[in-house]
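Please keep the sequence and the model side by side while reading. The paragraphs below move from the aromatic residues to the core, the ligand and a few individual positions.

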Amino acid sequence: METTLHISDTPQQVAADFASFISKIAENRAINIALSGGSTPEIVFDSLASDYKDQINWRKIHFYWGDERCVPPDNEESNYKMTNDHLFNLINIPKENIHRIKGESDPKIEVQRYAQEIAKNVRSENGFPVFDLVILGLGDDGHTASIFPDQLNLIDSTEITEIAIHPVTGQKRITLTGTVINNAKLITFLVTGANKKAKFTEILRKSGDWESYPATYISPTNGELHWFTDIEIN
Ligand code: 6PG
C-alpha cells in the first residue's frame, strides 16, 4: 500500500490543494466518488464550487456518500444538505449523478436500498464495488465514515453498507463498510485542526492506542492512500 502525505499550512490551503487533486482525477473521465461529511470537506466543497465550477466536467462524476446521518435531507446534520449547500447548488450537475443516502427512511430498509444502488451502478472487483475515490475524515475518537471504535466489526463486514450507531448520541447512521472503502482505487483522508494531531500521529506512527481507532484499518487493497492535512508530525 502506497501512502502519500500532503501537508499544507492551513485548513483553507488543505481544501485548495485537495480541490486541485480532485480536478486532476476528474479530468474528463467517468468516476464514482464517495463523499464524507465534516468541517474539512465543507471547505473543500466551497473551494471546488468557487475555483472549479467551470473547470470540471461535473456530468462525468457520480457522487455517493461514505456515510450519512439518519435524518431528513433538509436537516442541519445531513451530510447531503451540507454538500448541496456548499457544492451541488453552485455547479451544473445532473440530479441523476447524485446518489444520496435517504436519511429520512427506515435505516433497516435504506441500508439495503443504498447497497443495491451502489451494486447496480458501481463496477465490482474482488466481489465488491470499486469507488474511484473515497473521501474520509478522522473523528476525534479515531472514527472514520461512521465506523466508530465500539463497532470495529464494520471494518471487515462482508456487506456493502451497514447501520452504525453514534456511541455518544445514539444517532443511527448508514455507512460504507471498511471492506468497500478499502476496495477503492484512491482513498483520501482530510484531517485538519490541532485536536486531530494526537490521533493522526498515533495512526501514522502505529503508536499509543492506534489499534483501537477504525481509521487505522483503512488500507487500500489495490489502491493508494493519501492524507491531506495541516498537521506537522514532528
Ligand atoms: C460524519 C463524517 C465523519 C467526519 C469526522 C471528522 O458524518 O460525521 O463522515 O466521519 O469525517 O467526524 O469530522 P470533522 O472533519 O468535522 O472533524
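Which residues do ring pairs link into a cluster? Ring pairs join Trp-58, Phe-63, Trp-65, Tyr-80 and Phe-88 into a cluster, where rings of Phe, Tyr and Trp (its six-membered ring) count as a pair if their centres lie within 6.5 Å, and planes under 30 degrees apart are called stacked, over 60 edge-to-face and the rest tilted. This is a predicted model, in which local features need pLDDT of at least 70 and side-chain atom pairs count only at pLDDT 80 or more, while totals for chains, interfaces and linings use all residues. Residues are numbered from 1 along each chain as its sequence is written, and side-chain values use heavy atoms, with hydrogens and water left out.

A search of the whole structure finds 10 aromatic pairs. In one of them, Trp-58 and Phe-63 form a tilted pair, 6.3 Å centre to centre with 35 degrees between the planes. Trp-58 is buried, with a relative accessible area of 2%, and Phe-63 is buried as well at 4%; buried here means under 20% relative accessible area, exposed over 50% and partly exposed in between, with a 1.4 Å probe and protein chains only. Another pair, Tyr-64 with Phe-131, is edge-to-face, with 5.4 Å between the centres and 70 degrees between the planes. This pair links distant parts of the chain, since Tyr-64 lies in strand β3 (residues 61-65) and Phe-131 in the loop between β6 (128-129) and β7 (133-137), 67 residues apart. Helices (H or I, at least four residues) and strands (E, at least two) are DSSP runs numbered from the N terminus. Both Tyr-64 and Phe-131 are buried.

Apart from residues up to four places away in sequence, Trp-58 touches Leu-48, Tyr-52, Lys-53, Phe-63, Leu-87, Ile-91, Asn-92, Ile-93 and Asn-97, contact meaning heavy atoms within 4.5 Å.

Helix α3 (residues 79-86) is largely enclosed by the rest of the structure, because 7 of its 8 residues are buried. These buried residues are Asn-79, Tyr-80, Lys-81, Met-82, Thr-83, Asn-84 and His-86, and they pack against β2 (31-35), α2 (39-51), β3 and β4 (67-69). At the start of α3, a side-chain oxygen of Ser-78 comes to within 3.1 Å of the backbone nitrogen of Tyr-80.

The loop between α3 and α4 (107-121) holds His-99, which is buried at 5% relative accessibility. Leaving aside neighbours within four places in sequence, His-99 is in contact with His-62, Phe-63, Tyr-64, Trp-65, Tyr-114, Glu-117 and Asn-121. With the side chain of Glu-117, the side chain of His-99 makes a polar contact of 2.6 Å; a polar contact is a pair of N or O atoms within 3.5 Å, and within protein one must be able to donate a hydrogen and the other to accept it, residues adjacent in sequence counting only if both atoms are side-chain atoms.

Turning to the ligand, 15 residues surround it, the closest being Ser-39, Asp-67, Arg-69, Ala-145 and Lys-196, with a residue counted if one of its heavy atoms lies within 4 Å. An oxygen atom of the ligand is 2.8 Å from an N or O atom in the side chain of Asp-67, and for the side chain of Arg-69 the corresponding distance is 2.7 Å. For the side chain of Lys-196, an N or O atom is 2.4 Å from an oxygen atom of the ligand. Taken alone the ligand exposes 420 Å², of which the protein buries 87%, areas coming from the Shrake-Rupley method with a 1.4 Å probe and, for residues, with only the protein chains shown as cover.

Lastly, Thr-177 sits in the loop between β9 (172-176) and α5 (178-181) and is buried, with a relative accessible area of 0%. The side chain of Thr-177 reaches the backbone oxygen of Glu-159 at 2.8 Å.
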